[in-house]
Amino acid sequence: MLPPLRPEPIAPLKLIPAGPRRKTLLSSGLRPQEHSREELEDMGLNFAELSQVKPSTAQHYCFYSYSSTPPSQTEEAPVLLNSAAAYQELLKDGCRLATEEWVNNHWCLILWKLAGMAALGPQSEQKPETKRWCWNEVMKQLRYRYSVELDGGERPILRKIVAHDTPANVPLVLCVSEVLLTEKGKPILEVTDGWYGLRAEVDPTLARAIKRGVIREGRKIAVSGARILSEKKDPMEILEAYDSVLLWLSGNSSSLAPWHARLGLQRERHVSTLYSLSPDGGVVSFLDIEILQVLPKAYVESVEQGKGFYHETRSEAEEVKAADAWTKRRNAEATKLRFDHEKRVSRYMDYLSRLEGKAASAPPIPEDEDMPDYIDNFYDDLEEHPSALQRLGSIKASDARWLAQLVRQNLDTEHERIPNEIEKELLETCPPRNVRSYQVLVVMDARTDRRPRNRVAHLSVWEVDKIDLSEGSRSGSFTVGQRFLVSNLVPTNPSSWMKNEPGAQVFLSTRKDSRWLKRN
C-alpha cells in the first residue's frame, strides 16, 4: 500500500543539495548506442550484467559495496545491498513514510535507468565521483524521490491518473518497460512515467508496430487521448492498481517520442499528421489542418419507420423548404388543436351557466357535506353533447349545485392544462424533426515534421451550424485557407483509405466532443 502524503512533521531528512541545474539528455552530447559492446567492456563495464537489468528483474539485483569503487579494488568486505537494505537505509535517515512496496517499485525503475545511463555515458563510470552504477547513486535517487513525492507531496502523473485526480487523456510521454502477450497472443505494453508503471492495451495499429519491432522495450512513446480501463470505478492507489487498471492507447493519437524526451506530463499535446493515420487506429486526438476546399452544406434527416430509421439527405435549399413545410404543418395542427380545446371550454361554460341557473333554487351546500359519488358519473355524461342535454334537463336543483361546482373546478385547471395538452398532442401528430447538418472539408496538414504532405482528408463536420468559430463570424462559416487545431476526430470509410502517395485521400469525421481552435 502506498503511504499517505504530508503527515505530521517528522525528523528532517538529510538530503544532498540540488546544486546547479543538471543537463538534459539532449544537451548532454551523449547518443544512444554510440559505443559497441566491446568498447563498453574495454571501459570496465559489465555489458552482460547491465543488459539483464530490467524493471521485471531488477528486484533480484544487489550491490556488494557501499562505495563507488568495486570491492575487489578496496579492502572493504563485500556486503549484500539490495532493495531491503535500501529500505532500512531510508528508515535510518528518518524517511518514515517509505514502505517496502514503495522502495521495491522505485528500486527497480532506478536500476533500469542507471543501467541505461551507464551504457550511454561510460566515461562517467571511470571516476568514483561521477559513477552512476553504484549503491551510492541508487540511494541518492531514492532519497530524492522520497523528498519530492512522499515528503513534498508532488505525485507523479500515473499516480494522479489512477487516483482520478487527473484525466487519462492528457498529453504524456511514457517509456515501454516490457512487451507482454495475453493468453490469446495479443500484445500489450507495460509503460512507465519513470516513477510507476501500468499495463496498456493497444489497438490494431499499435499491435502491428509492436510485432514489427517499431515499439519495443526502452522506446518512448508520446500519447494523447488515453483512456482508463478498470474493473473498479473507484480511485485507487498506484501500487494496488497494476492488476486491475489498464491504459487504452490508440495508434492515431500516439507516436514515437525522441530518446531524450522527458517522461510524464507534457505541456503540449501530441498533434498527429495525416501521414501517420490508419483507418483502424482509433480516435485522432489532435490534427493541425489547413482547408483546401469547402463543399456545400448538406442535411440528413432520420425518420422513424417501423422498428428502424431511414435517412434522407438534402441540400441546404431543400432543407429550408422542408423545414418551412414542417413549421407550417405544425402551426396549422397547433391552431386546430387550440380551436378544439377552446370549443370544448366554451361548451362547458354553457353547461356551467345552465347548471348554475337550475341550482339557484337549491339551498346552499353545508360546509361539512361531501359531494355524492354519483356526481362524477353525471360529469361523464357531459362529455357527449346528446347525453349532456339529457342530463341537464333531468338533473335536480341540489345535484345541479354539486355538478356546477365540479365543472367550475375542472374549468379552472383546464386553462392551465391546455398548453401542455396541445404540446403533448403535437408530439404525436407532428413530432420534432431529427435533422443534422454536415459539411465536408478537404484539408491537408498545416505542418509536418519530416514526411511529405501527400495525403488530403475529406473531413465530415457534423452539426456544422452549431460550431462557433470566432467572434464576428457566422457559425460554421468555413473558408479556404483557414487553419484549425481540431480535436477528437474518427476515421470513416476504412475501405476507401489510400496509401501514402501523392494525391492520396483519407476520410475523417467529427464527434460530439470535437473542438475547433482557429490558428490564423
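Select H164 to begin: this residue is partly exposed, with a relative accessible area of 42% (buried means under 20% relative accessible area, exposed over 50%, and partly exposed in between, with a 1.4 Å probe and protein chains only). The model on the screen is predicted, and its local features need pLDDT of at least 70, side-chain atom pairs count only at pLDDT 80 or more, and totals for chains, interfaces and linings use all residues. Residues are numbered from 1 along each chain as its sequence is written, and side-chain values use heavy atoms, with hydrogens and water left out.

H164 sits in the loop between α6 (157-162) and β1 (172-181). Helices (H or I, at least four residues) and strands (E, at least two) are DSSP runs, numbered from the N terminus. The phi of H164 is positive, about 65°, although H164 is not a glycine. Most residues other than glycine have a negative phi.

Next, select N493, in the loop between β14 (483-491) and β15 (505-510). Its phi is near 45°, again a positive value in a residue other than glycine. N493 is partly exposed, with a relative accessible area of 43%.

Now move to helix α3 (residues 83-92) and helix α4 (residues 100-120), which pack at an angle of about 120° with their axes 9 Å apart. Axes are lines fitted to C-alpha atoms, for helices over the stretch in contact, and angles run from 0 to 180 degrees between N-to-C directions. The two helices α3 and α4 are therefore oblique to each other (angles under 35 degrees count as roughly parallel, over 145 as roughly antiparallel, 65 to 115 as roughly perpendicular and the rest as oblique). Which residues make the contact? On α3 they are S83, A86, Y87 and L90, and on α4 they are E100, W102, V103, N104 and W107, where contact means heavy atoms within 4.5 Å. By class, this contact of α3 with α4 has six nonpolar, two polar and one charged residues. Ala, Val, Leu, Ile, Met, Phe, Trp, Tyr, Cys and Pro count as nonpolar, Asp, Glu, Lys and Arg as charged, and the others, Gly among them, as polar.

Stay with α4 and display the whole helix. It has 21 residues and reaches 30 Å from its first C-alpha to its last, close to the 30 Å expected at 1.5 Å a residue; the expected span is 1.5 Å times one less than the number of residues. Helix α4 is mostly covered, with 15 of its 21 residues buried.

Return to α3 and select L91, which lies in this helix. At 31% relative accessibility, L91 counts as partly exposed. Leaving aside residues up to four places away in sequence, L91 touches R96 and A98.

Helices α3 and α5 pack at an angle of about 55°, with their axes 11 Å apart. A85, A86, E89 and L90 in α3 meet W135, M139, L142 and R143 in α5. After α5 comes G153, whose phi is positive, near 75°.

Finally, select helix α8 (residues 316-358) and helix α10 (residues 385-394), which pack at an angle of about 10° with their axes 10 Å apart. Helices α8 and α10 are therefore roughly parallel to each other.
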